Amino acid sequence: MGLDFNTPVFEVIRNEKKCIQCQVCVRQCSNKVHSYDSQDNVVCTDDIKCVNCHRCVILCPTKALIIRKYPLEFRENANWTSSVIKEIHKQSQTGGVLLSSMGNPKPFPIYWDRMLLNASQVTNPSIDPLREPMETKVMIGGKPEKLDFDAKGKLMTKMPPQVELRMPIMFSAMSYGSISRNAHEALARAATELGICYNTGEGGLNRDFYKYGKNTIVQVASGRFGVHRDYLNAGAAIEIKIGQGAKPGIGGHLPGKKVGEDVSATRMIPIGSDAISPAPHHDIYSIEDLRQLIYSLKETTNYKKPVFVKIAAVHNAAAIASGIVRAGADAVVVDGFRGGTGAAPTRVRDNVGIPIELALAAIDQRLREEEIRNRVSLIISGSIRNSADIVKAVALGADAVYIGSAAVIALGCHMCHSCSTGKCNWGIATQELELVKRLNPDIMYKRLVNLVSAWNHEIQEMLGGMGINAIDSLRGNRLMLRGIGLNEKELNILAIKYAGE
Amino acid sequence: MKTIDALNTSFGDLNSLIDDAIKIDRNITLKNVFGQRYIGRGLLEEVKIKIYGTPGNDMAVYMDGAELEVFGNGQDAIGNTMNYGKIVIHGSCGDTLGYAMRGGEIYVERDVGYRAGIHMKEYKEMKPVIVVGGKAGEFLGEYMAGGAIILLGLNLVKDENITGRFCGTGMHGGVIYLNETPEKYNFGKEAVKAELSDEDIVFLKKHIDFYSKTFKKDLNRLNIKLFSKYVAVNKNPYSNMYCTY
């Protein structure tokens, strides 16, 4: 169809003085940006194919490459911006639904950056975690109203099932299919070494990974891929996925080209078949139905596994969370509108859902008011970028967080937002064996261990600074937070005071 | 054969009683079942349970090889995410029969509700089969990704359709066989009519014979060659729906 109006997004600049024509870039780029012209002995580039993933830049032995934003400008217009124009060109060319990857990139407020933490001065001395005990272990699961002991002091109360996490961090649900086998292995091994959990996502659990079961959350989503009795009993807990922050209210389509032999075996669907997750679970049309699914899982696992229910942060998240608690869940997982994804319709990703900070504050408040907060753990996700975000989340009421984007960045992701193409040059969001083997799980799991261990140290430092020696003592302690650059309404929802108050 | 009286037991207690009973006897009978959920949940092969009364929702959920025979009607989500096994229902049952089932067989003597066979799958030698003697509600085989649904349409009254609207909507695998003239029915755009092969006829005959024997019905008058067959237009229905950028 005639002209497609496509122009490059990035420009690849090659310093010819530095380039030695070694062709590493040619071999490394799955998008085929680079090509070698043997006649003239030069390496050429095709800017239009570049997604700016930095693979060639980092592997270039002489550092001859730089990638920049393509300098082509449209006439300046604050309303009809270049991205708006380009999206219309793309859709009028293809008739397709715009598809994006990773989380919402729009400049919405980031409330983590508008909250500040407290520290002890003079009174209530601060604690140095390098020399004094500092507890960051959390137990995920419902807690009883009260504890009963017998005459000898032995606990009589039957505790609901719990998952012990050495630190309040887990790796988010990312299915095998959306990410590679090697990425999954790195996550599983890191979770095991760290004493935390990773999450299978909705793509089933490969038999080779059952050995990491104690550190695995198995997910049950609307497609029920790879869900069977052994799978449900394989993990430390089960998570029912109702929604995802990047695409609240809609399902998922793993294209058939990503369903190779191993993904097929793990999802238990034919090779090459689309894996379609319907938008709703068709056995859940109400809170009562959700209870039915929760108890089908509890029944099948003899009440030994906590059952989490994950929702996207949406307008009525607090009321929905209350329903989830009353449906019998052991943990509520809330994923904010900045949560990442392998693929989501752009309009949904960028316009549906609410910030996790506000949803968390509203949910914790609501569950406390209804006196049911003890019945569940509250786990949040949707763009946790560093340890300070985690400390603030705990102060707002979270028990633990899931990290997804941060985890894949540790594995080498450079946030090029092109996961859905399946051509990830870093071997993360791809099923092409040549690309998958670029991610060496022996090396990469250590990067995850390093990241989470470092964050844990930082959490301990911040806790110690507040004169607190256990993360449980910070949970929901909003006096440790102060707002900055927030209006009255935002302060009310977050239930925090303004800096200086 | 051990008999368990389910009268006034909760689903949790009843399922525990079944767990204990099958350690001693692999053939058990439940009587006075009044809506207890999850009967047969995750049960493994070689267990046979006869159920008298009305079992509740999610019967045979995640079941992995057992055989359940219900002398009465079933409720919703029977065979939910079932892996393997056999279910026989001497009556009708509710909605979402065989939701996401991946293997095994379900035979229903009479009618089924909405969304029967939704998201049924198959994997290698696992090919689930649902056989329904009467009619089905709307959205039969929605999102169907594998396996087979056979609708016999016995005892339909005049002008009654064998299935409701939107049959096979979102279908991307599997096959639906109807004992009816197909033009009358509102199939989803993802399903398409296909020719019956000799293998289809052998397959249909095998399951219809089992139905006829199990429910003691003489089906010699059924002309299998007149059955219509529907399959998915393709197994990647949404491959052209998106544009990445």
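Select helix 8 (residues 317–326) and helix 10 (residues 356–369) of chain A: these two helices pack at an angle of about 50°, with their axes 8 Å apart. Axes are lines fitted to C-alpha atoms over the stretch in contact, and angles run from 0 to 180 degrees between N-to-C directions. Helices (H or I, at least four residues) and strands (E, at least two) are DSSP runs numbered from the N terminus. The model is predicted: local features need pLDDT of at least 70 and side-chain atom pairs pLDDT 80 or more, whereas totals for chains, interfaces and linings use all residues. Residues are numbered from 1 along each chain as its sequence is written, and chains are lettered from A and ligands numbered from 1 in the order written.

Next, display the side chains of the contact (C-beta atoms, placed from the backbone, within 7 Å). Helix 8 of chain A contributes A:Ala317, A:Ala318, A:Ala321, A:Ser322 and A:Val325, and helix 10 of chain A contributes A:Ala359, A:Ala362, A:Ile363, A:Arg366 and A:Leu367.

Now move to helix 4 (residues 181–194) of chain A. Select A:Gly195, which follows helix 4 of chain A and has a positive phi, near 75°.

Finally, show both chains: 40 residues of chain B are in contact with 32 residues of chain A. On the chain B side, strand 12 of chain B gives the most, with 3 residues.

How values were computed. Two residues are in contact if their C-beta atoms, placed from the backbone, lie within 7 Å.
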